[in-house]
Amino acid sequence: MPPEIDLLRAPLGAVVVGPELFASALVAQGIPVRRVDWRPPGSPEALASLWCDAVDTANRIALDRLLAAHQILVDVRPAIEVVPGMTRETILHAGPPIAWEDMSGPMRGGIVGALIYEGLAPSWQDAERLVTRGAVRFDPCHHHAAVGPMAGATTASMPVLVVENRTAGNRAYSTLNEGLGKVLRYGAYAPDVIDRLCWFRDVVGPALGEAIRRTGGIDLRALIAQAVQMGDECHNRNRAASALLIKALAPEIAGLDLPATERRRILAFAASNEHLFLNVGMAACKAGLDAAHKVPESTLVTAMARNGTEFGIRVSGLGDQWFTGPAQTPQGLYFPGFGPGDANPDIGDSAITETAGLGGFAMGGAPAVVQFVGGTPADALEYTRLMYEITLGESTAYRLPPLDFRGTPTGIDVRLVVQTGILPQIDTGMAHREPGIGQVGAGLVKPPRVCFDLAFEALVRARAGAADVSR
Amino acid sequence: MRLAWTVRRNSYFDSIDLMRVAEQARQLAGVTEVAVVMGTAPGRSMLAEAAMWPPEAPEAGPSDLLICVRASTETVAHRALARVEELLSASRDGGPAREDVVSRTTASAARRAASANIAVVAVPGAYAALDAHQALSAGLHVFLFSDGVSLADEAALKRRARDRGLLVMGPECGTAIINGVGLGFANRVRRGSIGVIGASGTGIQEVTSLVHRLGAGVSHAIGTGGRDLHAAVGGLTTLQAIEALAADVATRAVVVVSKPPSPVVADTVLRAAVETRKPVVACLLGYEGATPGGVRAVATLDEAASTAVGLTGGAVRALGRPRSAPASGARGAVRGLYAGGSLCDEARRIVGGSPPHRFVDFGAEEYTRGRPHPIIDPSRRNAALVDAADDPSVAVILLDLVLGDCAHPDPTGALRPALTEVRARRGSRDLTVVAHVVGTDQDPQGLEKQEESLRELGAIVCASNRIAAETARALAEGRDAT
């Protein structure tokens with residue numbers, strides 16, 4: 001028995017897509033009307049095939065899982081102990097899969113640095129030999145419940161943050177943030193870079209792990225929610241979140257069984273790093289999105305990631321496939337001494353923040369970020385408002401004060417991106433195209449549209465297949 | 001004094017926001033204190049100091065929201081808790097005063113318009129199914145004005161809608177009146193007890209405005225789209241509409257209006273209508289099959305209106321014949337130039353569509369492709385009017401004018417230049433213009449004013465389309481129009 005029809009019982013409220021005439025006739029009769037600024041989309045039939053109950057249900061499940069994620073920072077551990085599938089020969093990297101030959105400068109730099117750090121190769125040449133001999137196994141972080149900013153190089157002995165999604169029970173991982181300037185994630189591999197990584201491994205990692213365990217876990221959902229109201233978007237701006245994290249950890253760090261100088265050094269490093277929280281937030285986003293991944297037929301994007309050569313996306317209903325296109329070069333501001341010719345194409349897993357409703361999607365609450373492209377707070381709001389047009393829902397945790405505490409646009413829908421042609425807005429740092437130099441600036445970037453077109457085609461094919469089966 | 005509390009797990013709010021909500025909830029009569037705090041250590045100790053979080057209250061962590069109320073009675077306390085929840089989840093959108101990105105898709109607009117329950121879709125046919133499906137995904141009923149939607153898409157939309165308890169009115173649905181609100185081309189009619197279901201837009205307009213003119217009123221008028229009674233669609237929307245009107249207490253009689261239906265579907269639909277146990281009037285133009293017992297079958301739209309008025313206890317007044325007009329004496333052909341498809345169809349059946357008579361429906365898809373409907377833009381018909389005057393075999397021109405929302409703001413005025421031109425070419429003894437105005441005294445254009453202007457232009461104005469067609473026929477046969 002189909003459900004009852006309620007139309008005749010309730011007062012009318014209308015959405016009008018079509019001529020103004022129909023809308024104004026309703027307005028004249030006192031009916032609330034929301035108009036659609038309609039433009040003819042390409043492939044309307046294929047689009048229509050994906051607006052059906054099966055896809056709606058799948059998307060509701062996937063979105064609910066994403067919105068319900070409750071992430072807790074529970075530990076810091078060596079990658080080899082906790083990251084699934086990690087081995088001594090493995091180097092995880094950012095973005096979709098890529099071969100050494102196709103890697104950009106900063107990606108290669110990060111990998112060479114990681115090999116030097118692990119003691120597997122003493123120099124660039126040795127590292128290259130090792131790689132060409134096939135002795136190193138490359139794999140995307142994303143295939144191991146992990147995310148890494150920029151090059152994202154992650155190896156066995158590196159300490160990783162352990163974030164647990166208490167709702168779904170899954171965990172996600174990310175390395176510790178090294179700060180700005182010459183750092184491994186930007187492809188720098190000089191001795192001081194390696195020394196810092198060793199200090200992380202020997203001192204900072206174990207200390208943070210112990211401190212975090214002593215807190216009983218840090219509620220990242222609440223922390224991010226607070227940071228968003230303090231002007232962070234948790235991608236290019238992490239000042240508030242980093243401060244909140246230090247605030248939560250400092251008492252426990254102070255109480256650790258370490259020399260006072262070492263405790264001071266740890267706190268001073270943390271306090272000096274405005275992006276301390278970036279990797280933590282990324283792992284939190286990954287923990288939420290992994291829970292939403294692999295819901296058959298869902299059109300929700302569960303990863304956007306770049307390896308410095310290609311931009312790739314993954315979609316909940318399309319399993320482990322990547323849909324890739326050429327990575328774009330960000331538009332933005334450069335540090336003194338650098339200019340547009342120095343920037344590498346878009347790189348890093350940090351677009352996981354946008355995928356989860358932060359970063360560029362939350363820019364309206366972080367107007368400082370828009371200044372990278374010479375924008376105003378009004379422009380920042382505009383970016384965020386536009387993202388509601390391509391998302392399935394709104395965050396139930398991250399609310400934007402300038403939008404009267406509306407939840408951030410969350411859950412990118414491939415169907416809406418393809419229909420509107422509006423691409424996700426990503427905030428990002430820029431790496432120098434040569435390895436070893438580091439960050440040269442920050443700005444805004446978009447994915448290439450082709451990623452979404454390819455994913456869309458795959459979704460349409462999958463739907464047609466499912467429809468055939470049910471027929 | 002009563003204490004009541006609740007915990008909202010895992011939801012962070014800014015403390016300033018919480019203070020505002022608490023202050024607003026404190027305004028309720030009988031409420032002495034409201035505390036809304038995060039379950040952090042300071043938050044909990046604050047509650048403890050105020051003796052508002054007794055030991056039996058649930059455990060709470062720093063990301064839980066604690067709501068606590070002290071009030072005169074238990075009922076008041078719970079009302080205050082509900083008020084806090086309401087204030088916390090109240091729409092966070094800035095509302096229309098703030099400038100906003102316009103919605104680019106029906107999906108987005110539907111999500112933004114919390115009070116919406118229907119989507120009006122009037123985009124080119126090739127795109128219409130996408131928007132209609134998005135509306136259904138958002139749980140909206142659909143008024144689908146677009147034409148050019150495939151029969152397969154129509155059937156798929158309607159099946160999906162039925163399974164979700166939603167109505168798809170259309171495609172090619174010109175008219176509906178839901179709860180007194182007109183959608184598309186609709187006339188302003190009195191609310192009353194007659195429910196109308198129609199596969200034809202102008203058919204519904206004619207029936208509803210005649211019901212109004214006869215002193216009765218309309219509960220709802222549900223459009224179904226011209227092909228709903230096609231075998232491939234199986235009357236899905238009509239059957240849902242019957243069910244909805246059966247359940248509607250305001251509706252005391254049901255009128256079903258249709259273009260030529262599939263006999264099998266017509267039978268199914270009429271049987272379902274009888275089961276409503278409400279009086280049923282069926283005007284299925286061109287349907288020659290049997291009608292089940294209990295259905296009053298009528299052949300014309302004005303009979304449908306007057307029969308329904310009679311069945312709901314209204315005094316049935318006869319619609320007036322036109323003020324006497326002299327027979328032109330010039331026998332000849334009737335040229336029907338119509339804006340309304342069903343009106344054209346009805347007139348053709350009365351006059352006889354074969355030569356020398358000729359009928360043109362300017363609302364048909366071939367005339368509306370890429371241009372507005374003649375109810376909005378009469379230019380195409382105006383040209384045909386002048387052409388008809390140039391044809392010496394034509395003795396009577398038969399017209400409809402449609403008033404109401406979305407129609408031309410002054411249809412008679414728009415007709416004036418063409419009629420003046422007709423008169424310049426043919427004298428009134430030689431060529432008669434017969435017209436019917438679909439509309440009511442409440443329509444923005446004003447029925448009386450429109451009819452009066454038409455008479456001033458020398459037209460014979462009839463109270464219904466049926467009367468107009470009969471008048472035209474009589475004149476063409478050289479009989480007196482009355």
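## Domains and model basis

The domain assignment of chain B lists domain 1 (2-89), domain 2 (107-311) and domain 3 (333-476); such bounds come from an automatic or database domain assignment. The centres of domain 1 of chain B and domain 3 of chain B, taken over C-alpha atoms, are 69 Å apart.

This is a predicted model, in which local features need pLDDT of at least 70, side-chain atom pairs count only at pLDDT 80 or more, and totals for chains, interfaces and linings use all residues. Residues are numbered from 1 along each chain as its sequence is written, while chains are lettered from A and ligands numbered from 1 in the order in which they are written.

## Chain A overall

Chain A has 16 helices and 17 strands. Helices (H or I, at least four residues) and strands (E, at least two) are DSSP runs, numbered from the N terminus. The C-alpha trace of chain A spans about 75 × 50 × 50 Å along its principal axes.

For 471 residues, a compact globule would have a radius of gyration near 23 Å. Chain A has 23 Å, which agrees. The radius is taken over C-alpha atoms, and the globule rule is 2.2 Å times the number of residues to the power 0.38.

## The interface, seen from chain B

In chain B, 61 residues are in contact with 56 residues of chain A. Contact requires C-beta atoms, placed from the backbone, to lie within 7 Å. On the side of chain B that touches chain A, at least two residues each come from helix H4 (106-112), strand S4 (118-121), helix H5 (125-137), helix H6 (151-163), strand S8 (181-184) and helix H8 (236-247). H5(B) gives the largest share, nine residues.

By class, this side of chain B has 27 nonpolar, 19 polar and 15 charged residues. Ala, Val, Leu, Ile, Met, Phe, Trp, Tyr, Cys and Pro count as nonpolar; Asp, Glu, Lys and Arg as charged; the others, Gly among them, as polar.

## A sheet across the chains

An open sheet of five strands runs in the order S2(A)-S1(A)-S4(B)-S5(B)-S6(B), with parallel pairing. Strands pair if DSSP finds at least two bridges between them. Strand S2 (33-35) of chain A and strand S6 (168-169) of chain B stand at the edges, each with a single partner strand, so one side of each is left without a neighbour in the sheet.

Strand S1 (residues 14-17) of chain A is joined to S4(B) by four bridges, and the two run parallel. Here Val15(A) has Ala119(B) as its bridge partner. Three bridges join S1(A) to S2(A), also parallel. Ala14(A) stands opposite Val33(A) in S2(A).

## A helix pair in chain B

Two packed helices are described by the angle between their axes and the distance between the axes. The axes of helix H13 (residues 379-389) and helix H14 (residues 411-425) of chain B come within 9 Å and cross at roughly 10 degrees. Axes are lines fitted to C-alpha atoms, for helices over the stretch in contact, and angles run from 0 to 180 degrees between N-to-C directions. H13(B) and H14(B) are therefore roughly parallel, a term for angles under 35 degrees.

Asn382(B), Leu385(B), Val386(B) and Ala389(B) of H13(B) meet Leu415(B), Ala418(B), Glu421(B), Val422(B) and Arg425(B) of H14(B). This contact has six nonpolar, one polar and two charged residues.

## Backbone details in chain B

Gly170(B) and Pro171(B) are joined by a cis peptide bond, with omega about 0 degrees. Pro171(B) lies in the loop between S6 and strand S7 (175-178) of chain B. Glu172(B) is also placed in the loop between S6 and S7. Although not a glycine, Glu172(B) has a positive phi of about 60 degrees.

The peptide bond from Pro355(B) to Pro356(B) is cis, with omega near 10 degrees. Pro356(B) is in the loop between helix H11 (341-351) and strand S15 (358-361) of chain B.

Note on methods. Contact = placed C-beta atoms within 7 Å. Parallel < 35°, antiparallel > 145°, perpendicular 65-115°, else oblique.
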